[in-house]
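These are my notebook entries on one protein model, written down in the order in which I looked things up.

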Amino acid sequence: MTRLRTAVIGVGHLGQHHARILSEFPDVELVGVVDANSDQAMTIAQRCRTRAFDRHEPLLDLVDAVSVVTPTSFHHHVAAEFLRNGIPVLVEKPMCKTVAEADELISLAREANVPLQVGHIERFNPAFEELAKRPIRPAFIEAERHGPYTGRSTDIGAVLDLMIHDLDLILSLVPGPVKDVSAVGAAVFGGHEDMVNARLVFESGCVAHVTASRISARPKRRLRIWASEGYAGIDFVSRKITLVQVNDEVRRHGLRVEKMDPTQRAKLKDEMFGRHLDVLNIDGDRKGDQLTNELRHFVDCVRANRTPRVTGEDGRDALALAHRVLDAVRSHAWDGNEDGPSVGPNRMPKPAGKLFELPKSQSEAA
Ligand code: NAD
């Protein structure tokens, strides 16, 4: 089998892992890596035993497919050039900065009839794959995505950087349009919003609460779903999923608490899970990591000219919803008055005071 010639454009924090994984696939030749920082390009090229470039243009004639992992502001320009030359693209999330840019990439991929995949990596998290293959119709969703401040992706805020992962997952699970979006957010360090909470109401009646923060001490990436079929809880960090459903007996007859004697009732709390509710815990950690799964899928789609699991349209829809959340954050009225002056993540109410004073020894050390 001839090897698929690929390159990675942007080999910073994430792109270097794209390059490493692609260089390890036996049916792939990593022709080169590109980075605007030529030292970084050289370091990663040496590590992956390939060539370093500081511009993507020379690769247009050398590759069969590319992975675009530059900062978001450059996604559209770089991806468009490869698509115009009929080269399939995996572009990191968020797909672009604007929906118009995303639509243009979709059109270019259609015209060239080549796969365009968007890097919504959690779709390839083995825990989410376990959920996606089951017949669940979410009624209420709670998504939390918290991480520490990394100093990267400062060209965007917490919605386009983090929340967009969960917006894509939710859109992949819940059919139909989103009717209402309300949201509140805060820019703690200035610039873009650092934490946001959004409430989405679908026309189907499903409600989703989504929180993203990039100023948390500990990472947390969790999705919880309640549905008439049961409950699903995913921990994306440990790649574990817990599924709960009422057992056949309860499904048929309900739980007749009024017919239980006091001893049986007293045991309910301890016997709930196991006796009345069936529980299945699945550890997806042994089923591979999501980035390898995502890149493998991309290479397979390019080889077969197949539509990828996460299409350009999916990337665009998640981006469009993310912009609705950002609009809601911007127009949030902190004083309750929609026409009042205190709106948006950068203009929170003035602090009423300091929450605490640091002990003298600590404040001197800082
Ligand atoms: P980064 O800043 O660490 O790396 C970006 C690299 O691109 C840098 O080395 C920079 O020098 C280089 N670069 C900038 N402009 C370029 C250009 N025009 N051509 C070539 N190289 C260029 O950022 P990162 O954290 O690796 O993020 C990169 C992208 O990946 C972002 O879009 C981000 O949103 C996305 N990302 C996705 C996930 C995920 O879970 N899917 C996680 C992290 C980052």
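I began with helix 6, residues 158-173, and I found that this helix lies across strand 7 (138-146), strand 8, strand 9 (195-202), strand 10 (207-213) and strand 11 (220-227). For its direction I noted an angle of about 155° to strand 10. I reminded myself that this is a predicted model.

Next I looked up helix 10, which covers residues 312-330 and packs on the sheet, where it touches strand 8 and strand 9. I wrote down that its direction makes about 55° with that of strand 8.

I then turned to the sheet itself, which is open, has eight strands in the order 8-9-10-7-11-12-13-14, and shows mixed pairing. At its edges I noted strand 8 (178-186) and strand 14 (277-283), each of which pairs on one side only. The twist from one strand to the next averages 10°.

My last entry concerns the surface, where Tyr149, Val188, Phe189 and Ile215 form a nonpolar patch whose accessible area together is about 380 Å². One of these residues, isoleucine 215, I traced to the loop between strand 10 and strand 11. I listed isoleucine 215 as partly exposed because its relative accessible area is 30%, and that label applies to values between the 20% limit for buried and the 50% limit for exposed.

How values were computed. Residues numbered from 1 in each chain as written. Predicted model: local features only at pLDDT ≥ 70, side-chain atom pairs only at ≥ 80, totals over all residues. Heavy atoms only, no water. Pairing = 2+ DSSP bridges. Helix = DSSP H or I, 4+ residues; strand = E, 2+ residues; numbered from the N terminus. Axes fitted to C-alpha atoms, helices over the stretch in contact; angles between N-to-C directions. Contact = heavy atoms within 4.5 Å. Patch = residues over 30% accessible without salt bridge, like charges linked within 9 Å, V, L, I, M, F, W, Y side chains within 5 Å. Areas by Shrake-Rupley, 256 points an atom, 1.4 Å probe, with all protein chains shown as cover. Salt bridge = Lys/Arg side-chain N within 4 Å of Asp/Glu carboxyl O. Buried < 20%, exposed > 50% of the residue type's maximum accessible area, 1.4 Å probe, protein only.
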